[in-house]
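This briefing concerns the structure shown below. It is arranged by topic, from the fold of one chain to the contact between chains.

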Amino acid sequence: MSIKVINPGFLSSIQDYGRITHASYGMSVSGVMDEQAYMWGNYLLENHFNAAALEIVFGSVTLEVLNDSVICITGADLDFKINNKRALTWHSVQVYQGDVLSWGVLKSGVRGYLCVKDGFETDVMFDSRSVNLRENIGEKIQANEVLKCSKSNDEINHFMAAKFIPNYEQALTLRILPSYQFNEFSLEQRELFFAQTYQISSANDRTGARLSGVPIAKTKSKMISEGISYGSVEIATDGLPIILLKDAPTIGGYPKIGTVFSLDLAKLAQKQMGDNIKFELMDIEQAQKQRAEFNKFFAIEY
Amino acid sequence: MHKIILAGESSILIYFGDKIDASLPENIANFANELKSQYSELIIDQTQSYTSLLVNYDLSKIDYSKFSDKVKALLNNFQFSDSAKAPSIIHIPVYYGFETGLDLERLLSEKDLSLDEFIEIHSAGEYLVHAIGFSPNFAFLGQVDERIQAPRLATPRIKIPAGSVGIADSQTAVYPADSSGGWNIIGRILLDLSLNNPENIHKFKTGDKVAFYPITRDEYLSNGGKL
C-alpha cells in the first residue's frame with residue numbers, strides 16, 4: 001500500500017516525533033514542527049505516537065492513492081481536497097485506490113499534516129524517519145516517489161469537535177522559561193525583550209525563527225559553546241532573538257535569554273514572516289505540568 | 001565550581017568549569033556515563049560541550065527539582081581526575097594546497113609564513129576532541145598554535161566541501177559534509193566522515209585526540225581525493 005507523489009510542493013517531508021537520542025553525535029532532534037496537529041492526527045487514527053506523517057509547508061501538493069487507506073489531515077488549512085472536492089479535515093477519512101489528494105493555497109496556518117493509519121513506512125535513519133535537510137539525512141519528497149504505508153480500511157471514525165480545532169489567526173504570546181543566561185541580561189534588557197512586539201523575519205525555517213524588532217544591547221557577544229535545548233532563544237550579535245527549532249545545531253555559542261515552552265512552539269510552527277510575536281515568563285512547574293499532561297493524553301513514551 | 005542551571009522544560013545544563021581545560025572532556029564524558037548508568041530510565045539524551053553537559057530527561061517520570069537534586073548528589077560524590085589518561089589518537093591525512101585550502105594563501109600572507117611552515121605547525125599538534133556538535137560528526141578540536149589562529153570569516157561561505165579542514169580562533173575541525181560555515185579553510189582530508197557511512201558517528205569521542213599529517217597533491221589525487 002502506498003501513496004504516489006504527483007506534485008511535491010515546495011517543501012514537504014516525512015517527519016515523526018524526532019531523532020531524540022542522537023544529540024551526542026551532533027544530530028538535531030528533528031521531527032514535526034507542530035506537535036499538537038501531528039499528535040491529533042495520529043490520535044484520531046489510533047496510531048502510535050511516533051507514527052510518521054507527511055509535513056506539508058504552504059500547500060501545492062498532489063498525491064495519488066495507490067491502495068485503500070484511512071487518513072487524517074490536520075494542521076494548517078491548505079485547501080485540502082479529495083478528487084477536487086473539499087474534504088474533511090481533523091477527521092479520519094477513508095480514501096480509495098485512484099483517489100487524488102490535493103493541497104492548494106494556504107488559507108490559515110503554514111504547516112499541514114497528512115497522517116495515515118499506522119504511519120508512513122519510509123526508511124528509518126538513526127532511529128527515526130524524520131528528514132533533516134541541513135544534516136543531509138533523507139530528502140524532501142520528489143515527484144513520482146512512492147511513499148509506503150500499509151493498506152487499511154475504515155473501522156475508525158474519529159473527529160475533532162469544531163470548537164477544539166486551533167485558530168491559527170490568533171495573536172501569539174510565547175511563554176518562556178528563565179533558563180540559560182537569563183540572569184546575565186540586565187533588567188533593562190529583559191524589560192525591552194518582554195515589552196516589545198517582534199515580527200517573524202524572512203529567515204524562518206525548521207532550523208530557527210529569526211525575529212525582527214528593537215535590538216537589546218548585548219551582554220557578551222560570544223561565550224563558550226554549550227548544548228542547545230529545543231526552543232532556546234539566542235540573542236545574536238545584532239541584539240535580536242533567534243528561536244532555535246527542531247533542525248537547529250546541537251551546540252551554540254550565543255547567549256540565550258530563555259527557552260520557549262514546547263506547546264507554544266507548536267503554535268509558532270503555524271506563523272509566518274511578518275506575524276507578530278510577544279513573550280511572557282512561565283515557571284518550570286507550570287511548563288512541566290502542562291507538558292506531562294500532554295504526554296499522558298497522547299501516550300507519548302518519553 | 002560545579003553549577004546546575006535550567007535549560008528547558010525537560011533539560012538541565014551542568015557546568016564543570018568556566019574555562020576551556022584539557023582535563024574537562026574526559027571528566028565530563030565519565031560523569032555523563034555514570035549519570036546515564038545510574039539513571040538510565042530517566043535520561044533521554046546528553047550533549048557534551050567544552051565545559052558543560054546538557055541533560056535531557058523524561059519529565060513524565062521526574063520533575064526539575066528532584067532531578068537536579070539527584071544530579072547534585074552524584075556530582076558531590078564523583079571522583080574527578082586532574083590528569084587525563086592517555087587517549088587514543090586518530091591520524092588523519094590532509095592535502096594542504098591552494099586548491100583545497102580556500103583561505104590558505106591569505107593566511108600565509110597575514111601570518112607571514114611559508115606553506116611548509118604553516119603545514120608543519122598545523123600537523124605538529126595533537127588536538128583534543130572538546131565537543132561533538134553543530135552538525136553530525138563535527139568534532140571541535142583544540143588548541144591551535146597561536147601562530148596560525150585566525151578569527152571566523154565575517155561572511156560565512158554558503159558551501160564548504162565535505163572533508164575541508166578549518167580553523168576558527170583556537171579551534172580546528174573537519175567539515176564532515178558539504179555545509180555552510182565561517183571557518184578558515186586550510187586543506188581537505190581523504191576520509192569520508194559523512195553520514196553516508198552510518199558507522200562514522202562512532203569515529204570521534206570527546207576526550208580522544210586527533211593528529212593531522214600532510215600528504216602530497218599526487219597522494220591525495222591517486223587515493224581518490226577531489227579538487
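Two residues are taken to be in contact if their C-beta atoms, placed from the backbone, lie within 7 Å. By that criterion, residues 24 or more positions apart account for 63% of the contacts in chain B with a separation of 6 or more. The model is predicted, and its scores are ipTM 0.95 and pTM 0.94.

**Confidence**

- The average pLDDT of chain B is 94, and 99% of the residues score at least 70.

**Chain B as a whole**

- Chain B contains 5 helices and 13 strands.
- Along the principal axes, the C-alpha atoms of chain B fill a box of roughly 60 × 35 × 35 Å.
- Chain B has 227 residues, of which 42% count as buried.

**Domains of chain B**

- The domain assignment divides chain B into domain 1 (3-77) and domain 2 (89-222).
- Between the C-alpha centres of domain 1 of chain B and domain 2 of chain B, the separation is 30 Å.
- In the contact between these domains, domain 1 of chain B takes part with 10 residues and domain 2 of chain B with 8 residues.
- On the side of domain 1 of chain B that touches domain 2 of chain B, α1 (24-38) and β3 of chain B each supply at least two residues.
- Of the elements on that side of domain 1 of chain B, α1(B) gives the most, with 4 residues.
- The class composition of the side of domain 1 of chain B that touches domain 2 of chain B is 6 nonpolar, 3 polar and 1 charged residues.

**Contact between chains A and B**

- The contact between the chains involves 34 residues of chain B and 34 residues of chain A.
- Two or more residues on the side of chain B that touches chain A come from each of β1 (3-8), β2 (11-15), β3 (43-48), β4 (52-57) and β6 (126-132) of chain B.
- β3(B) provides the largest share of that side, 5 residues; β3 of chain B also supplies at least two residues to the side of domain 1 that touches domain 2 of chain B.
- Sorted by class, the side of chain B that touches chain A comprises 18 nonpolar, 12 polar and 4 charged residues.

**An open sheet in chain A**

- In chain A, 6 strands form an open sheet with antiparallel pairing, in the order β7-β6-β9-β4-β1-β11.
- The edge strands of this sheet are β7 (85-86) and β11 (146-148) of chain A, each of which pairs on one side only.
- Strand β6 (residues 80-82) of chain A pairs with strand β9 (residues 100-103) of chain A in the antiparallel sense over 3 bridges; A:Ile82 has A:Leu101 in β9(A) as its bridge partner.
- Strand β4 (residues 61-65) of chain A also pairs with β9(A) in the antiparallel sense, over 4 bridges; here A:Thr62 stands opposite A:Ser102 in β9(A).

How values were computed:
Residues are numbered from 1 along each chain as its sequence is written. Chains are lettered from A and ligands numbered from 1 in the order in which they are written. This is a predicted model: local features need pLDDT of at least 70, side-chain atom pairs count only at pLDDT 80 or more; totals for chains, interfaces and linings use all residues. Ala, Val, Leu, Ile, Met, Phe, Trp, Tyr, Cys and Pro count as nonpolar, Asp, Glu, Lys and Arg as charged, and the others, Gly among them, as polar. pLDDT is the predictor's confidence in each residue, from 0 to 100. Domain bounds come from an automatic or database domain assignment. Two strands pair if DSSP finds at least two bridges between them. A residue is buried if 20 or more other C-beta atoms lie within 10 Å of its own, exposed if 12 or fewer, and partly exposed in between; C-beta atoms are placed from the backbone.
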